[in-house]
Amino acid sequence: MAKPSSRPESSKATPTRAGAGGERHETASAPDQRITTNHGVPVSDNQNSLKAGHRGPSLLEDFVLREKIHHFDHERIPERIVHARGSAAHGVFELTDSLADVTRAKILTEVGQKTEVFVRFSTVAGGAGSVDTPRDVRGFAVKFYTTEGNWDLVGNNIPVFFIQDAIKFPDLVHAVKMEADRGYPQAASAHDTFWDWIGLMPESTHMVMWQMSDRTIPRSYRMVEGFGVNTFRLVNDDDEAVFVKFHWRPRLGTQSTCWDEAVKIAGADPDYLRRDLYDAIDKGDFPEWDFAVQILTQDEADALPFDILDATKLIPEEIHPLRVIGKLTLNRNPDNFFAETEQVAFLPTNIPPGIDFSEDPLLQGRLFSYQDTQLSRLGTVNFHQLPINQAKGCPFQNFQRDGQMQMAVPKGRANYEPNSLAEAGEIGGPREDPEGGFSSFRTPVEETKIRLRAETFADHFSQARLFFRSQTEIEQAHLASAMVFELSKVSLENVRLRVLSNIRNVDEALAARVADGLAMDLPKASKPASEPFDMGDSPALRIVGKYPDTLKGRMVGILVTDGADGAQVNAVKSAAEAAGAQVHLIAPKVGGVDLKDGSRLKVDHQLQGAPSVLFDAVALILSEAGCEMLLGEGAAIDFAKDAFGHLKAIGHTPEAQPLLDKAGVEPDDRVVALGKDGKAFVKAAAGRQWDRESKVRMLA
């Protein structure tokens, strides 16, 4: 949540004058300060169109008006069909461990090398104007500007996907998007067509477990894991290949919100995740991720009890541990949202020598689709010349010419190859590099054309079972409750029954909990294409308990009133900031409060505009009179009630007790007296009180 800007304004005022109609004219005469047309002609009046007389019609010859309106009418471009709503940042990637034994890609072999990156996070289902906090998969796309060309690692915050073959992607997206006849719901999967499709596509069951988990309601983009999803290859100097899976691990830890919290955040701040990322970078609190790989030989891949080319499967870390090889730091916000975040074009086909594709049929379709969608969205084959898409770590040059919006100015007449123009002293242009250029790994290919799904892709439930049974008890309850919520929005009973019949192949207890939450009888289990088996547990798949509790990177809201103890406010604020938190002061009125000692305390937010859903922990530093006043303010009661209901730490002064009582706040380990130094509160604020949840809501 943004604090009011503290940046100083320019001390030099812009000259102004009033027009005949009282309109404001801000003026400038220096060439670098005055408004011009797109073609450089200085504009004398930016407030009035050219008219025939004082009250006459506008004239067609007014090229200033026409250019301004025409440009405005064409400012929007087609939004992405999926991942339309995104937030992004610039940063740097540094390699810390060389993979020279398995790849010749310089970005993965030159330890200490720092590479510029641009990272875009996104929701999937909603449009560009949708909210930040729906239950949805999050995109995690990284563009590395390497010395061997751009490498785009286009992934998600979930390691698997809904489908095994790209031919089903249009059906998936049509099913989850707004229903075709009514145009709603927006950015939501809780509707008939999505679950109808899911029930008929058992291969999606594993992904659905992840989607119904807390992974899809993240607390912050700074706190999401990232995955390359597909299986890739690494190729070394001897043309030997291994399989690889790519992972991003946030150093702040993975954290999610509660579902009720996510819903309320959408109303309080639709741009919550975007604002959180921007504000953190703006104040120098740069988010970081470890970059890790799982590397498997062909023999190791063949020994897995599933197909490594199946994008609905993951490789448990307990079988093949992650190897951390680098660090990603995001340290600069975009200068312009449209020019960078909106116009960036990610292509899975952008890979440097030493990295290669696998035969994953989902990946194979992506290799075509992304290029095609950028042509449609950006309107030209020259989208790679946009500054955000240009290769920066190396030159880019070839004989491709012309096209709409060509921005380069090639010299000479060599637009073909081979040519001998250099022998005549002319520019001959670039040539292929058989040694250092990209070359595909040679794999045996069947000669028979066939449209068939491999039998090794037939197990649709074992990994879904692995994921569910690996969750902590509270995470299992959240997952089951999410399924109840979503299926309760499905109006077709046969669809609900079909989904339940599939869930029985995952876990009988889960199916029973969901059926009970729907007040439905359990149907027979569906017949699986391949009998599922138990894979044990994988603690690495959890969120709760996977990372240590910490206040670093989190936000603390302190509610104060007139008559509050200023020394205590400062002590709590200092203690929270020392633990790495960003602290926001909140008051009934944005102008601030008068403290007990008579001094005036400036605050960041007004209470009604800063509900507790926007903070990770809250403190109430109230005077007796201030608390009495807040007992009649619904926003104050909700501030405490929601913080308690969302399992957050609440620190308070004795004077705040009547408000806590009215809000239904009960004592536990994270409802603490502030004391003089606030240290007990800071310790409690580092995590959530999970065992409180049974007191505040019914879970499946």
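In these legends, buried means under 20% relative accessible area, exposed over 50% and partly exposed in between, with a 1.4 Å probe and protein chains only. The model is predicted, with local features needing pLDDT of at least 70 and side-chain atom pairs counting only at pLDDT 80 or more, while totals for chains, interfaces and linings use all residues. Residues are numbered from 1 along each chain as its sequence is written, and side-chain values use heavy atoms, with hydrogens and water left out.

**View A. Trp151 against Phe246, an edge-to-face pair.** Both residues are buried. Rings of Phe, Tyr and Trp (its six-membered ring) pair if their centres lie within 6.5 Å; planes under 30 degrees apart are stacked, over 60 edge-to-face, the rest tilted. The structure has 22 such aromatic pairs. Here the centres sit 5.4 Å apart, with 65° between the planes. Trp151 belongs to strand β6 (residues 149-156) and Phe246 to strand β9, so the pair links parts 95 residues apart in sequence. Strands (E, at least two residues) and helices (H or I, at least four) are DSSP runs, numbered from the N terminus.

**View B. The aromatic cluster around that pair.** Trp151 and Phe246 belong to one cluster, whose other members include Phe93, Tyr221, Trp248 and Trp289.

**View C. Two charges over rings.** What counts is NZ of Lys or CZ of Arg within 6 Å of the ring centre and within 35 degrees of the ring normal. Arg135 lies over the face of Trp259, 5.1 Å from the ring centre. Lys143 does likewise over Phe346, at 5.3 Å.
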